[in-house]
Amino acid sequence: MNKPLAPAAAERRPTDWQTPAMQRRVRRRYAAERRFRLLGLAAVFASAAFLVYLLATMLAQGASGFTETRIALPLDLRRHVAVTPAQLHGAGADLALAGAGLEGAVDAAANAAYGRQGGASLLSDGAWLRVRDAIKRDPELLSAPATIDVPVATAIDMAYKGDGTPESEAAVARLGNRLSRGLNVSFFTGADATDPTRAGIWGALKGSLLTMIVTLGLAFPIGVLSALYLEEYAPRNRWTDLIEVSINNLAAVPSIIFGLLGLAVFLGTFHMPRSGAIVGGLTLALMTMPVIVIAGRNAITAVPPSIRDAARALGASPIQVVFHHVLPLALPGILTGTIIGMARALGETAPLLMIGMRAFIAAPPGKLTDPATALPVQIFLWSDEVQKGFVEKTSAAIIVLLVVLLAMNGVAIYLRNRFETRW
Amino acid sequence: MTAAGVNVFYGRKQAIRDVSIDVRREDVTAFIGPSGCGKSTFLRTLNRMNDTIPGARVEGDIRLDGEDIYAKAMDVVQLRARVGMVFQKPNPFPKSIFENVAYGPRIHGLARSKADLAQIVERSLARAGLWNEVKDRLTESGTALSGGQQQRLCIARAIAVDPEVILMDEPCSALDPIATAKIEELIHELRGRYAIVIVTHNMQQAARVSQQTAFFHLGQLVEYGDTSDIFTNPRQDRTKDYITGRYG
């Protein structure tokens, strides 16, 4: 049964592990390991440093974009504005106040209080709107003198924040403690404007939101159903291999190509409304769908075949196996992939520029077909602006975009951890 | 169930060669043989689980109560409810114990009401010898049970649809000896109510639980008959060699 061992050749001397040559090898090996670890650590520090530098720069430039400079304006509206308190309630209030000459009254008050420092030119174009809103909240302002803080013009705003022309800085010095800083709420509630102090991101945010809704509504069902079909039902032949390769390639296509596609097909052939959120949504859906299909296929493949076997052996039909067992178990992975795909679509600029979501939109879109823009496009447009006031607005908008993206990725990670099934 | 002249091909490779066998309602039938001899493959032809393997082809005549199960008119879904299967590695669904057992009756519409369903679940768990251990924790996950309990849960799940035949593919090979003993005792209790076919690597287990034994080798059915005959007086040399442990 046991074959005899092969005859030994010349006897081998036992290895001496302590020769100087051996010790040199050991030292060199340790040094190589140490070098490699240091290299890895250096790489981590370098990437962290880049990230910190980016965030710090954005925060430094953009933090002031969230604030506005205000001036204390003494007002006595009894003589100038003839509006009864009753007219102030209801929808006609804005019109009534405008018609009563509120804007002129505010300018006159500015000239009276600050005539030598510049008068009405100190105030932002939207200052009278702030007074209007204050009156609507507290009608008493019409019957007694009061002091209201109103936003200043952009030149004064920039000078107060430390980046103005010499004349503006002199004006700021003269005004002294009449100026104050506060949160710029209109940045979040207003749409794009030519005046930096009135420019806001709500128009772009709403445009992005509408676009994302269209993208999700199209890419998610089509992507998930495609992934299910390709994994569970499709036969394995050359055609399905071709489809798989094509989908993988589509996920890597530069996004501007999808923009060209949208331009040619949606705008050119179908004559859909240019700049509409629906066209943006369709284009981004085309871009996001391959990502969802790939994430979906990976999630579905990760469901163990034993579960499918168990279900089939009980007499479950193919649809029941898929919807009762495979899909619920694959859903966390699919959701994670979807959110990551959506986050990528949210930050896309090039395709939206191609299909025309790049115009100056002064009002937030109401319907899907209204002209709209998206947050990354708004950032792009503002970065092109000449006025200094837009620099901080651009950085502030970038901060908002980063926060939204971080939140989306955070949700994806939370979902993934929460629903990970441990077998 | 009866099988006559069954050949099974995986692509061009022939895995089962001309097997004919009868499975009787009142008996436990054991399939024994060395690794790779085709016993699991043949077992899977009995409930058409080979349909799910791409490239698998089954020829021959396999009948359940006289109906050809590979006929176009036979509904695979209903066949698998009538011929249940328990796998080598316990595979409960990642749902609650109740949901695991209730799934089969639910999809086949076997329960008339929620109370009826609860009764079916209790009866199945009791018949599988698991009721007393889990009756207070039916909402806990099926995967939280021990290996032996999970396998009994899978048996309860198979019983819940009231099959005619239960196929067991090496049900104890992943279990410890105490759990194995419990399962063998369970098979003994289930005998007669369901036709049971058990594939096993363990010859002593086959001798303990079965009344009929079939010996497979290299895809062919070498010998088939009463368990006591096969183990004490095998007719074929290959059977004798395997039983006495000369190979395998």
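Modeller: Let's begin with a definition: two strands count as paired if DSSP finds at least two bridges between them. Keep in mind that this is a predicted model.

Now try that out on chain A. Strand 1 (residues 67-75) of chain A and strand 3 of chain A run antiparallel, and five bridges join them. One bridge links A:Glu68 to its partner A:Gly182, which sits in strand 3 of chain A.

How many of its five residues are buried? Five of the five are, so strand 3 of chain B is largely enclosed by the rest of the structure.

Look at which way those residues point. In a regular strand, side chains alternate between the two faces of the sheet. Here B:Val28, B:Ala30 and B:Ile32 point one way, while B:Thr29 and B:Phe31 point the other way, and all are buried.

Which strands does it pair with? One partner is strand 8 (residues 195-199) of chain B, which pairs with strand 3 of chain B in the parallel sense over four bridges. In that pairing, B:Thr29 stands opposite B:Val197. Another partner is strand 9 (residues 212-217) of chain B, again in the parallel sense over four bridges. There B:Ala30 stands opposite B:Thr213, and B:Ile32 stands opposite B:Phe215.

Those pairings belong to a bigger picture. Six strands of chain B make an open sheet in the order 6-7-8-3-9-10, with mixed pairing. Strand 6 and strand 10 (220-226) of chain B are the edge strands, each pairing on one side only. The twist averages 15° from one strand to the next. Helix 6 (residues 147-159) of chain B packs on this sheet, where it touches strand 6 and strand 7 (165-169) of chain B, and its direction makes about 170° with that of strand 6 of chain B.

Strand 6 of chain B also takes us to the other chain. In the interface, 21 residues of chain B are in contact with 15 residues of chain A. Helix 2 (76-82), strand 6 (83-86) and helix 3 (97-108) of chain B each supply at least two residues of the side that touches chain A. That side of chain B is made up of eleven nonpolar, seven polar and three charged residues.

B:Arg48 has 18 other C-beta atoms within 10 Å, so it counts as partly exposed. Beyond its neighbours within four places in sequence, B:Arg48 is in contact with B:Ile69, B:Val76 and B:Leu79. B:Arg48 and B:Leu79 are 31 residues apart along the chain, and their C-alpha atoms are separated by 8.3 Å.

Last stop, the helices of chain A. Helix 1 (residues 20-62) of chain A has 43 residues and reaches 62 Å from its first C-alpha to its last, close to the expected 63 Å. Helix 1 of chain A is hardly covered, with a count of one buried residue. Now look at helix 8 (residues 202-233) and helix 11 (residues 277-301) of chain A, whose axes come within 6 Å and cross at roughly 35°. The crossing is right-handed, and the contact has 19 nonpolar, ten polar and two charged residues. A:Ile292 lies in helix 11 of chain A and counts as buried, with 27 C-beta neighbours inside 10 Å. Leaving aside neighbours within four places in sequence, the contacts of A:Ile292 include A:Ala219, A:Phe220 and A:Gly341.

Terms used
Residues are numbered from 1 along each chain as its sequence is written. Chains are lettered from A and ligands numbered from 1 in the order in which they are written. This is a predicted model: local features need pLDDT of at least 70, side-chain atom pairs count only at pLDDT 80 or more; totals for chains, interfaces and linings use all residues. The expected span of a helix is 1.5 Å times one less than its number of residues. A residue is buried if 20 or more other C-beta atoms lie within 10 Å of its own, exposed if 12 or fewer, and partly exposed in between; C-beta atoms are placed from the backbone. Two residues are in contact if their C-beta atoms, placed from the backbone, lie within 7 Å. Ala, Val, Leu, Ile, Met, Phe, Trp, Tyr, Cys and Pro count as nonpolar, Asp, Glu, Lys and Arg as charged, and the others, Gly among them, as polar. Axes are lines fitted to C-alpha atoms, for helices over the stretch in contact, and angles run from 0 to 180 degrees between N-to-C directions. A crossing is left-handed if the near helix is turned anticlockwise from the far one by less than a right angle, and right-handed if clockwise.
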